[in-house]
Amino acid sequence: MSAENGNLGGRNAAGEAAMYVISVAAELSGLHPQTLRQYDRLGLVSPDRAPGRGRRYSARDIERLREVQRLSQDEGVNLAGIKRIRELQDQVELLSARVAELEESLAMARATTIPLAVPVQQPEYQASAQAQAAANPLYRPDLLPALPAFGTSTALVVWKPQQH
């Protein structure tokens, strides 16, 4: 779409994206420009602003306008209800992004953690582990302490069991 048709060739954080003046956005969404202004005042859709304070609608804004219209006309939801739905959808998007971020951090922590001890599978030590488990019901021989691989200590501990 050329600049004379309403594409201002603006940029947003995602890179290059088409930005439309209110008349073109109204035509693309099938709504009256005054309806777009009202939706902006109510906070249902928040288009970017040009230096002269004119509204600039992105493709995402136009999809939101269509969704507001669908909820209002087809589903019978009032504008206050639509605003609450939009707020909850935005919150879900933020929380989903945070979950993905935390999962990535957890995967990184797991990848950079090394065990400090390795369980011994020799018969003479199994009796000792069973005795410890009997004395302390919270004892878990399958759990090992671990430290981050790039922790603050550079010490290396070598353990050699005594021969009986």
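**Entry 1: R64**

Where does R64 lie? I looked it up, and R64 is in helix α3. I'm working with a predicted model here.

Leaving out residues up to four places away in sequence, I found R64 touching V45, R86 and D90.

**Entry 2: the rest of α3**

I stayed with helix α3, which covers residues 59–73.

Which residues of α3 are buried? I noted D61, I62, R64, L65, V68 and L71. A reminder to myself: an α-helix has 3.6 residues a turn, so residues three or four places apart point the same way.

Then I looked for what covers those buried residues of α3. The cover includes β3 (19–20), α1, α2, β4, β5 and α4 (79–111).

**Entry 3: α1 and α2**

I moved on to helix α1 (residues 22–29) and helix α2 (residues 33–42). Their axes come within 8 Å and cross at roughly 100°. That angle falls in the 65 to 115 degree range, so α1 is roughly perpendicular to α2.

Which residues meet where α1 contacts α2? From α1 I wrote down I22, A25, A26 and S29; from α2, P33, L36 and R37. Sorting the residues of this contact gave me five nonpolar, one polar and one charged.

I also listed the buried residues of α1, which are I22, V24, A25, A26 and S29. The cover over them includes β3, α2, β5 and α3. Just after α1 comes G30, and G30 has a positive phi of about 80°.

**Entry 4: R53**

Another positive phi turned up at R53, about 75°, although R53 is not a glycine. Where does R53 lie? I found R53 in the loop between β4 (48–49) and β5 (55–58). R53 has a relative accessible area of 56%, so R53 is exposed, the cut-off being over 50%.

**Entry 5: P47**

My next stop was P47, in the loop between α2 and β4. Is P47 buried or exposed? At 9% relative accessibility, P47 counts as buried.

What does P47 touch, not counting residues up to four places away in sequence? My list reads D40, R55, R56, Y57 and D61. One of these, D61, is also among the buried residues of α3. I checked a C-alpha distance as well: P47 and S58 are 11 residues apart along the chain, and their C-alpha atoms are separated by 7.2 Å.

**Entry 6: the whole chain**

Last, I zoomed out. How many helices and strands does the protein chain have? I counted five helices and seven strands. Along the sequence the pattern reads β-β-β-α-α-β-β-α-α-β-α-β.

The protein chain has 164 residues, and 17% of them count as buried. Its accessible surface comes to about 12400 Å², with 55% of that belonging to carbon and sulfur atoms. I looked at contacts with a separation of 6 or more, and residues 24 or more positions apart account for 49% of them.

Technical notes. Residues numbered from 1 in each chain as written. Predicted model: local features only at pLDDT ≥ 70, side-chain atom pairs only at ≥ 80, totals over all residues. Heavy atoms only, no water. Axes fitted to C-alpha atoms, helices over the stretch in contact; angles between N-to-C directions. Helix = DSSP H or I, 4+ residues; strand = E, 2+ residues; numbered from the N terminus. Parallel < 35°, antiparallel > 145°, perpendicular 65-115°, else oblique. Contact = heavy atoms within 4.5 Å. Nonpolar A, V, L, I, M, F, W, Y, C, P; charged D, E, K, R; others polar. Buried < 20%, exposed > 50% of the residue type's maximum accessible area, 1.4 Å probe, protein only. Expected span 1.5 Å × (residues − 1). Areas by Shrake-Rupley, 256 points an atom, 1.4 Å probe, with all protein chains shown as cover.
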